[in-house]
Amino acid sequence: MTVFLVIIVLALLAVTGWQISKIFQLSQGSDADTSQIANDKDNRINGILMLAFVIFLYVISIFCFWEYGRFYLPEAASEHGSQYDTLMFVSIALIMVVQVITQGLLHFFAYKYKGEKTKKALFYADNDKLEFIWTIIPVIVLAGLIIYGLFTWSDIMNVSEEDDPMIVELYAYQFDWRARYAGEDNTLGKANVRFIEGVNQLGVDESDSYAMDDKVVTELHLPVNKPVLFKFRSQDVLHSAYFPFFRAQMNVVPGMITQFGFTPTITSEEMRESEYMVDKMRSVNEERKERNKELMAQGEPTLDPYEFEYFLLCNKICGQAHYNMQMKIVVESEEDFNKWLEEQPTFGSTIESKKKDSKPANENNESQESDAVAVADNKQN
Ligand SMILES: [Cu+2]
């Protein structure tokens, strides 16, 4: 209520001030310039403001490049990444050059040809030659950019079967990721949301023979310099698989399978040792050290030192814990990768051990059953 009253009082004060200024204006007499048409002084002020605005724009742009340039991503860690970065650089450089020249001229002319009582505007109807030139140049440049972009796009998006890519499924759900390796046969078993039950979190079809050697994991490991083809599935809503260091992103859509393939070229270890990452880790750790001093003073647990790892993020706002939806990616040598993969249990063995665990419970109806599968079975009985 008090706030409401304060607002009313302030509004009334503003109205009073405005009325007083009007009375003051009227009392000035007839020699003051009350005309609504701009005079030379108005035009000069506006001309200078136009010039000042474009200078401000340039200064702030240069400052931002200087100050925030360090937030650029490091060198791309995938084979197609450099193509992608070049396309981005060419487009932005072209836009920047045109923008700097045209905006500069626009504001400079607004200042130079500002209205003056003694000046008279030249009547100039049209000029076919000029119009032709300023139409044809953007047409050629834009067409070139678009064709260049289309070629890059199809280069990146078309995964050739001849490369024999490793098939990996990425499964998104609110709010985490799972990866499924296709196993020895490099073929993923069929899956459907109806089969989701107990340990079968991804709804893999148990009756499909291709599914038995699949491996479901919580951390994505990739062998360096080997093409990978990702198949994306979503359990619930729209997600987006975003790999910033590999310059890759693909929507993950419920009810359909989308795909994206790339070849990682820099291992996690090599990236960690790069100049860019050493610098970044140092500056993050310095900040964490400062923060830890505060945390320690407050008696709260301190932060661990930061060590770089590749990660997969969700890039669609998919719910309240969306920000937390990420998965660690490890790029390593082929031997290390094979060793790691061998240690992971197959889908077949997971299901088998689960069945063994729940068998005694099924036979003995008196025992408590927490498993959803077993509960469903009992209801049917
Ligand atoms: Cu998501």
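Reader: What makes residues 65–160 a "Cytochrome oxidase subunit II transmembrane region profile" domain?

Author: The name comes from UniProt, where an unreviewed entry lists residues 65–160 under it; such annotations may be inferred rather than shown by experiment. In this predicted model, with local features needing pLDDT of at least 70 and side-chain atom pairs 80 or more, totals for chains, interfaces and linings use all residues. Residues are numbered from 1 along each chain as its sequence is written. Over residues 65–160 the chain is 69% helix and 0% strand, where helices (H or I, at least four residues) and strands (E, at least two) are DSSP runs.

Reader: Why are α3 and α4 called roughly antiparallel?

Author: The axes of α3 (residues 81–112) and α4 (residues 128–157) cross at roughly 165°. Angles run from 0 to 180 degrees between N-to-C directions, and those over 145 count as roughly antiparallel. The two helices are therefore roughly antiparallel.

Reader: Which residues of α3 make the contact with α4?

Author: Gln 83, Tyr 84, Leu 87 and Ser 91 do on the α3 side, a contact being two residues whose C-beta atoms, placed from the backbone, lie within 7 Å. Leu 145 and Tyr 148 are among the residues of α4 that take part.

Reader: Where is confidence lowest in the protein?

Author: Confidence is lowest in helix α9 (residues 372–380), at a mean pLDDT of 40, on the predictor's scale from 0 to 100. Over residues 361–381 pLDDT stays under 50. Where pLDDT is low, the predicted coordinates should not be read in detail. The protein averages a pLDDT of 86.

Definitions and conventions: Angles under 35 degrees count as roughly parallel, over 145 as roughly antiparallel, 65 to 115 as roughly perpendicular and the rest as oblique.
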